[in-house]
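Good morning, everyone. Please have a look at the screen. I'll go through this one piece by piece.

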Amino acid sequence: MSAPAGVTVLGSTGSIGVSTLDVLQRHPDRFRVVALTAQRNVDGLLQQCLACRPTFAAMADPQAAQRLRDRLRALDAPTEVLAGAAGLQRVAALPESDYVMAAIVGAAGLLPTLAAARAGKRVLLANKEALVMAGALFVAAVREGGATLLPIDSEHNAIFQCLPPGFDGADGRRSGVRRILLTGSGGPFRATALERLPEMTPDQACAHPNWSMGRKISVDSATMMNKGLEVIEAHWLFGVASERIEVVVHPQSVVHSMVEYEDGSVLAQLGNPDMRTPIAHALAWPQRLASGAAFLDFFRLSPLEFQAPDLQRFPCLRLAFAALAAGGTAPAILNAANEVAVRAFLERRLRFTEIARLVEHVQERVAHGAADTLERILEDDALARAAADEWLAARAVEV
Ligand code: NAD
Ligand code: MG
């Protein structure tokens, strides 16, 4: 028996982080938690440190890191606490970590996830924003670092499972792959009357019919910006042109995505909507591992439906396709504007339907350029956030 693989979980206190620890704790013979991170949730990270006894913990917020350090010391716990962006990047590249779960939400995940790729880790990628912002650089870092990139996003994990091994989009035709069919539930407002959408509240937007997730991705699911980000993610992960990626609305979230082949075959991956399945898949790949997820009971499933997406209802999907077509830093600008818009919506400073309007405004306002360096990407990310903040300030009204 080989020694357990070392695992760093970035964003361990979040929805994906907690599911990851659940899977890891089922297999103590296979995995050892080496490092955990959070932004500022001291209580949550403290409990996880006591349960998993990692060598390191890192907190983005330095004051939170100091509080965690004091409390761990008082309990005589062995974990060393690091702080700030440098601390996150360090635990992403530790020699004793073989696997890095990248589960920080948003642009904040980019640098630590890149550090893991450059250090040649097996990167389990939940943080889709890293690929959306810096797809070309990220893919190059994976290649140059000798890293293995495995998708955690349920759709991409499904596609990965349905593609031929070693698939590379550049020679997709040779492998007979015709299209990628990316499924999405359509979120909680798929059937809400259009004229009622402006009054939808954060709690309504976060009440996803099938998945339990963090608030940011829940709002993205309600606008279908999540699916737009996932189209961009699929483009970079699999090297497939956007014309060959089709979004299919599938309200039951049982088919997690599909791959269509030239001979008319369609391969699909199915399962209950439980992120522990893709997490266990990526941890064990190319083997399989029990995840704790319930098995699919075909005799109790409701009928499976498939629909074309309604772009009038979901303008964010159109904006994301436009950003991918524009290329360069356009997806980073889209992502940054969306992050500001979603936060403003969650803080009740923006109506639900204004999320797309704000993103579109920023897209028109901030010119995109080449995404060939991290500096240029981060610069346009900052310009987009500033333009979004300005728009919000100019129309500061109660909603
Ligand atoms: P979440 O909000 O539940 O958790 C986010 C984690 O990131 C927390 O541990 C938090 O402390 C940390 N974090 C937040 N801001 C940070 C910052 N500025 N610096 C450092 N750490 C920070 O989010 P989630 O739902 O678990 O999603 C995580 C990622 O996984 C996202 O990119 C999301 O798109 C992706 N994803 C999530 C799901 C899901 O089911 N939740 C499914 C597919 C993909
Ligand atoms: Mg997804």
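Start at the ligand. Glycine 11 has a backbone N or O atom 3.2 Å from an oxygen atom of ligand 1. Threonine 13 uses its side chain instead: an N or O atom there is 2.7 Å from an oxygen atom of the ligand. Then comes glycine 214, where a polar backbone atom lies 2.9 Å from a ligand oxygen. How much of ligand 1 does the protein cover? It covers 87% of the 830 Å² of accessible area that the ligand has on its own. Please keep in mind that this is a predicted model.

Who else is there? The shell around ligand 1 has 23 residues. The closest are Thr13, Ser15, Gln39, Glu129 and Gly214. Two helices, H1 (15-25) and H6 (128-145), each supply at least two residues of that shell.

Now helix H3. This helix runs over residues 62-74, which is 13 residues. From its first C-alpha to its last, H3 reaches 18 Å, close to the 18 Å expected at 1.5 Å a residue. Which residues of H3 are buried? They are Ala64, Ala65, Leu68 and Leu72. Seen down the axis, these buried residues fall within an arc of 100°, so they line one face of H3. Here is the background. An α-helix has 3.6 residues a turn, so residues three or four places apart point the same way.

What does the buried side of H3 pack against? Its buried residues meet helix H2 (42-52), strand E3 (56-59) and strand E4 (80-83). Turn to the other side of H3, and Pro62, Gln63, Arg73 and Ala74 are exposed.

Look at both ends of H3. At the start, a side-chain oxygen of aspartate 61 comes to within 2.8 Å of the backbone nitrogen of glutamine 63. After the helix comes aspartate 76. This residue sits in the loop between H3 and E4. Its phi is positive, about 60°, although aspartate 76 is not a glycine. Most residues other than glycine have a negative phi, and most peptide bonds are trans. Is aspartate 76 buried or exposed? Its relative accessibility is 73%, so aspartate 76 counts as exposed, the cut-off being over 50%.

Methionine 224 also has a positive phi, about 65°, and is not a glycine. Find methionine 224 in the loop between helix H9 (215-223) and helix H10 (225-238). Methionine 224 is buried, with a relative accessible area of 2%.

On to helix H11, residues 276-284. How many of its nine residues are buried? Eight are, so H11 is mostly covered, with buried meaning under 20% relative accessible area. The buried ones are Arg276, Pro278, Ile279, Ala280, His281, Ala282, Leu283 and Ala284. They pack against several elements, among them H1, strand E2 (31-38) and strand E5 (99-102). H7 is also one of these partners.

The bond from tryptophan 285 to proline 286 is cis, with omega near 5°. Proline 286 lies in the loop between H11 and helix H12 (315-326).

Next, aspartate 153. Look for it in the loop between strand E7 (148-151) and helix H7 (154-162). Aspartate 153 counts as buried, at 8% relative accessibility. Its side chain makes a polar contact of 2.8 Å with the side chain of lysine 128. Leaving aside neighbours within four places in sequence, aspartate 153 is in contact with Leu125, Lys128, Glu230, Glu233 and Met275.

Serine 253 is another loop residue, between strand E9 (245-249) and strand E10 (255-261). Serine 253 is buried too, with a relative accessible area of 6%. Which side chains make polar contacts with that of serine 253? Asparagine 210 does, at 2.6 Å. Tryptophan 211 does as well, at 3.5 Å. Beyond four places in sequence, serine 253 touches residues including Ser185, Gly271 and Pro273.

Last stop, alanine 356. This residue is in helix H14, residues 354-365. Alanine 356 is buried, with a relative accessible area of 9%. Cysteine 316 is 40 residues away along the chain, yet the two C-alpha atoms are separated by 5.5 Å. Not counting residues up to four places away in sequence, alanine 356 touches Pro315, Cys316 and Leu319.

Notes. Residues numbered from 1 in each chain as written. Chains lettered and ligands numbered in written order. Predicted model: local features only at pLDDT ≥ 70, side-chain atom pairs only at ≥ 80, totals over all residues. Heavy atoms only, no water. Helix = DSSP H or I, 4+ residues; strand = E, 2+ residues; numbered from the N terminus. Expected span 1.5 Å × (residues − 1). Buried < 20%, exposed > 50% of the residue type's maximum accessible area, 1.4 Å probe, protein only. Arc of directions from axis to C-beta. Contact = heavy atoms within 4.5 Å. Polar contact = N/O pair within 3.5 Å; in protein donor to acceptor, adjacent residues only side chain to side chain. Near = heavy atom within 4 Å. Areas by Shrake-Rupley, 256 points an atom, 1.4 Å probe, with all protein chains shown as cover.
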